[in-house]
Amino acid sequence: MNKLNDKVAIITGSARGIGFSIAEKLATNGATSVIIDLDQQAVDLAVQKIDDQGFRAIGFAANVTDQEQITSIFKEIYEEFDAVDILINNAGITKDGLIMKMKEDDWDSVINVNLKGTFICTQKICRFMMKKRSGVILNIASVIGLMGNAGQANYAASKGGIIAFTKSSAKEFASRNIRVNAIAPGFIQTEMTENLSQEVVDNYTAAIPLSRMGSADDVANLCLFLVSDDASYITGQTIQVDGGLIM
Ligand code: NAP
């Protein structure tokens with residue numbers, strides 16, 4: 001029996017990277033994965049890739065910062081499936097720069113997508129989960145939200161905010177049987193990290209006790225555990241997938 005049979009899981013920013021690996025992992029374990037991402041073509045392609053393997057996925061092009069879009073999509077999903085069991089807040093961006101030179105736009109857009117997008121999707125889903133007195137929310141933070149990083153003050157603030165938001169929402173929702181946790185990935189090989197110079201990659205990997213970058217699948221494996229009933233007594237936690245980078 002699959003761990004997530006008959007579950008409906010919404011994953012934001014899941015047309016590629018870590019989000020896609022999570023959507024694929026949950027679908028191969030019985031869930032219907034709902035892919036939400038910015039570009040319709042990328043969404044269609046991601047849905048097709050899961051469908052081609054014989055698993056279930058549907059998709060919507062939407063921006064997590066657009067309250068109206070998210071409200072109407074979540075309502076449509078709830079009406080179609082009569083439940084939304086899992087929300088993975090994964091959509092995230094970086095706009096790096098030193099504080100001295102950081103443009104206000106770069107601060108605002110990172111906080112908006114990463115932190116406010118997480119708030120919007122959580123707020124719009126929680127009323128459906130509360131109705132059912134059941135649900136799991138998982139927020140994709142980052143080790144940068146725990147340890148900070150020169151040149152990433154906006155990203156660190158957004159991810160640190162997500163960790164605090166995770167704890168608050170876990171406390172607010174626990175009485176309705178809704179669990180909320182966060183994953184803090186370390187240095188994971190995706191398009192977000194592929195433009196880094198070899199020197200930066202070498203410096204990072206030298207600091208990682210397991211001496212390698214992680215894969216999107218490393219994150220998806222923990223995600224599968226945390227959204228399943230195997231983790232039914234875990235809430236409000238932030239768990240690192242970082243090869244031992246910070247401990
Ligand atoms: P990625 O490869 O850049 O993928 C992110 C996806 O999110 C893209 O498909 C992107 O769409 C989409 N997206 C961006 N803004 C969005 C919005 N406003 N609404 C909906 N979708 C949006 O990133 P990743 O490496 O897989 O990272 C996924 C998550 O893990 C992020 O939250 C990131 O901060 C976190 N994380 C990553 C690492 C790492 O090393 N890779 C480490 C720690 C944490 P477009 O392609 O159209 O922009």
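A polar backbone atom of Val64 is 3.1 Å from a nitrogen atom of the ligand. A polar contact here is a pair of N or O atoms within 3.5 Å.

On its own the ligand has 900 Å² of accessible area, and the protein covers 90% of that. Accessible areas come from the Shrake-Rupley method with a 1.4 Å probe.

## The pocket and the shell

The ligand sits in the largest pocket. A pocket is an open set of points on a 1 Å grid over the protein atoms alone, with protein on both sides within 12 Å along at least five of seven lines. To sit in a pocket, a molecule must have more than half of its atoms within 2 Å of the grid points.

There are 27 residues around the ligand, and Arg16, Asp37, Asn90, Tyr155 and Thr190 come nearest. By class, the shell holds 14 nonpolar, nine polar and four charged residues; Asp, Glu, Lys and Arg count as charged, Ala, Val, Leu, Ile, Met, Phe, Trp, Tyr, Cys and Pro as nonpolar, and the others, Gly among them, as polar. The elements giving two or more residues to this shell are α1 (17-28) and α6 (153-173). Helices (H or I, at least four residues) and strands (E, at least two) are DSSP runs, numbered from the N terminus.

Arg179 belongs to strand β6, residues 178-185. Its relative accessible area is 9%, so Arg179 is buried (under 20%; exposed is over 50%, and partly exposed lies in between, with a 1.4 Å probe and protein chains only). Arg179 and Gly236 are 57 residues apart in sequence, yet their C-alpha atoms are 7.4 Å apart in space.

## Positive phi angles

Most residues other than glycine have a negative phi. Asp6, not a glycine, has a positive phi of about 70 degrees. Asp6 is in the segment before β1 (8-12) and is exposed, with a relative accessible area of 70%.

Asn177 is not a glycine either, and its phi is positive at about 65 degrees. Asn177 lies in the loop between α6 and β6. Its relative accessibility is 49%, so Asn177 counts as partly exposed.

## Basis of the values

Residues are numbered from 1 along each chain as its sequence is written, and side-chain values use heavy atoms, with hydrogens and water left out. As the model is predicted, local features need pLDDT of at least 70 and side-chain atom pairs count only at pLDDT 80 or more, while totals for chains, interfaces and linings use all residues.

Notes. Near = heavy atom within 4 Å. Polar contact = N/O pair within 3.5 Å; in protein donor to acceptor, adjacent residues only side chain to side chain. 1 Å grid on protein atoms, 1.4 Å probe; cavity = no way out; pocket = protein on both sides within 12 Å on 5 of 7 lines; lining within 4 Å.
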